[in-house]
Amino acid sequence: METIPLDEEGFGKGAAPEASGIPRDPANARSKQWALRALIAMGFGLAIDFSMSLMSIQPLYYVMNGPSNLYGLVFGAYDLMALIFAPLFGFWCDRSRRFKHQMQLGSAVNAAGNLLYAFTVLADKWWLMLLGRGIAGAGEATLGVGSSYITQTTTHERRQARLHIVLGRYRISQNIARMVGPFVGYLFLGLPDVHNGSSTALKMFNWYTLPGWFAFFMVLALMAFFAWGFTDPTEENEHLVKPESRGEGYGPPSPERIRRFRTFAASWLLLSFLSIFAVGAFTANLFALFAGQYHQITSQTDNWKTYIGVAGGAFTAGFVFRRMIRWAPQYWEERKLSLLTNWLLFITWMLVIPYGGATWVPPPALYYVATALAGFVVVINQTSIETVFSKKLTQYADVVGDSVGKHMGAYFMAASGGRFAGPLVAAAIAYIATPSGDTNVCTDWVENADGSWSCAGQPPSAQCAITGDAYYVEGCVLYRAIPMTITLAVLQFCTNIGFWFVLHRHWSYENDDLAPKAGQPGAPTAATIQLAGAPVTAHPDS
């Protein structure tokens, strides 16, 4: 029995393409490497686009006087449209086994949505935010295409490598982007405040709308890089691995095996939706929590404080993630991480419950600890739960067949559904208001010479209003914060029990119940591949 040593990436550089997924032709190998780089760059760009406006979107919504119970729809429209369009892109990929046109089309749609969002202040229409984010989200649906590409272009063995190295890089970059994206807004905090009397130029280019302009030009630049660097996979250029190398060369699956996979898939998608729902509910309402409950945001320039903890936690998670994969892969394993990080999310939701009552102003340190923990955990959690699902598609390749895009699209739909429904529900329940639930309250509005408005009402503790340049929050609370945060904690607890139960029943990645392919003496396991008619076992370098 011959053995193929693996390098740190989990595949032998000297191995045959059937075992490693690396093309024999050096030119093809380089083009495949550039294709992956282009895909990761585009994925990062589309993911950071989602969150670049996060620092300013909720203040902008209040400035635009949007209905108090519809902010969640505006924020979640991005993922609502992604949810709708993801299966369409997945179906297109499954039918064509091509990916470039889909990614380019999605990126162009995304850029158009960001451009529309950038005109919100000039138009003075809150619904333009809704329209712009919805169109941008339809383009972001192509993120699921990247997962399908990775599954179609990596071998069965490589996809069983620790923490699914390739998909892990693709997703970890996106999860970090979602957490640090708000800091793009920090670059523009020094711009002049915008109000009704501002110039047309300032209404077009201001702190609230520059994230839209930034995303528009960034996506255009990434489209050019993607067009140059990405090559559609084929068997001729050795990017698209052969069916037997994808783990699809088995006999027909048994009814029991089909039932087992479907049970796992349905359960995992539901639990993923619930976990991401809780995260979306929390992150979409951070400004309302920090300004309304903690009273720490009193002007436009204070907004950076809202996301410093999240960004710091996310950066730390990215660093730790890469190191732990190399240093302790036996412990840094996606199934264990899925369980651990979900319990850490439960602790996070417990930290933000206003234990002192509805009008209690908690110490700011409590907020920073909770948001830093959330930023750290979310990056690892969402990468891990998707990795488990992708590895199960590999394990059940005989059941999945050529529907990889459809199944990864289903996961993307579940994740997008959670990111849509979480903000929609949370923002409808909890929002900045007085303890009695009234919004935009000022007992004495004063119009300034430049056309802006100020609140001169007294006492400050009776005022609760947000203008373009000043936030009068001493009389505010996060209305209904107690029932919302308690509900998040209870939901997370129940979700964690569900994750434990599903993983307890579906822990193994081994394929002991595979039906042998006709003409073969037995079915290969997840750790064994068939090469030249003889079993070749892969193991790490010693």
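**Close-up views of helix packing**

**Figure 1. Overview of the protein.** The protein has 20 helices and nine strands. The model is predicted. Of the 542 residues, 58% are buried. Among contacts with a separation of 6 or more, 79% join residues 24 or more positions apart. The accessible surface is about 20600 Å². Carbon and sulfur atoms account for 65% of that surface.

**Figure 2. Helix H17 against helix H19.** H17 covers residues 364–395, and H19 covers residues 404–429. Their axes lie 10 Å apart, at an angle of about 155°. Angles over 145 degrees count as roughly antiparallel, so H17 is roughly antiparallel to H19. The crossing of H17 and H19 is right-handed. From H17, the contact uses Gln382, Ile385, Glu386, Phe389, Ser390 and Leu393. From H19, His407, Met408, Tyr411 and Arg419 take part. By class, the residues of this H17 contact with H19 are five nonpolar, three polar and two charged.

Figure 3. Gln382 is a residue of helix H17. Is Gln382 buried or exposed? Its relative accessibility is 8%. The cut-off for buried is under 20%, so Gln382 counts as buried. Neighbours within four places in sequence are set aside here. Beyond them, Gln382 is in contact with Asn175, Ile276, Val279, Tyr411 and Arg419. Tyr411 and Arg419 are also among the H19 residues that make the contact with H17.

**Figure 4. Helix H15 crossing helix H17.** H15 spans residues 304–327. The axes of H15 and H17 come within 7 Å. They cross at roughly 40°. That angle makes H15 oblique to H17. H15 passes H17 in a right-handed crossing. On the H15 side, the contact is made by Lys305, Thr306, Ile308, Gly309, Val310, Gly313, Ala314, Thr316, Ala317, Val320 and Phe321. On the H17 side, it is made by Tyr367, Tyr368, Thr371, Ala372, Gly375, Phe376, Val379, Ile380 and Thr383. The contact of H15 with H17 has twelve nonpolar, seven polar and one charged residues.

**Figure 5. Helix H8 packed on helix H19.** H8 runs over residues 143–153. At what angle do H8 and H19 pack? The angle is about 140°, and the axes are 9 Å apart. H8 and H19 are therefore oblique to each other. Their crossing is right-handed. H8 brings Leu143, Gly144, Ser147, Ser148, Thr151 and Gln152 to the contact. H19 brings Val404, Gly405, Met408 and Phe412. The contact of H8 with H19 divides into four nonpolar, six polar and no charged residues. Met408 of H19 takes part here, and Met408 also takes part in the contact with H17.

**Figure 6. Leu80 and Ile84 on helix H4.** Helix H4 covers residues 71–96 and holds Leu80. Leu80 has a relative accessible area of 25% and is partly exposed. Ile84 is partly exposed too, at 41% relative accessibility. Leu80 and Gly137 are 57 residues apart in sequence. In space, Leu80 and Gly137 are 7.3 Å apart, C-alpha to C-alpha. Ile84 and Ala138 are 54 residues apart in sequence. Their C-alpha to C-alpha distance is 7.6 Å.

Key
Residues are numbered from 1 along each chain as its sequence is written. This is a predicted model: local features need pLDDT of at least 70, side-chain atom pairs count only at pLDDT 80 or more; totals for chains, interfaces and linings use all residues. Side-chain values use heavy atoms; hydrogens and water are left out. Helices (H or I, at least four residues) and strands (E, at least two) are DSSP runs, numbered from the N terminus. Buried means under 20% relative accessible area, exposed over 50%, partly exposed in between (1.4 Å probe, protein chains only). Contact means heavy atoms within 4.5 Å. Accessible areas come from the Shrake-Rupley method with a 1.4 Å probe; for residues, only the protein chains shown count as cover. Axes are lines fitted to C-alpha atoms, for helices over the stretch in contact, and angles run from 0 to 180 degrees between N-to-C directions. Angles under 35 degrees count as roughly parallel, over 145 as roughly antiparallel, 65 to 115 as roughly perpendicular and the rest as oblique. A crossing is left-handed if the near helix is turned anticlockwise from the far one by less than a right angle, and right-handed if clockwise. Ala, Val, Leu, Ile, Met, Phe, Trp, Tyr, Cys and Pro count as nonpolar, Asp, Glu, Lys and Arg as charged, and the others, Gly among them, as polar.
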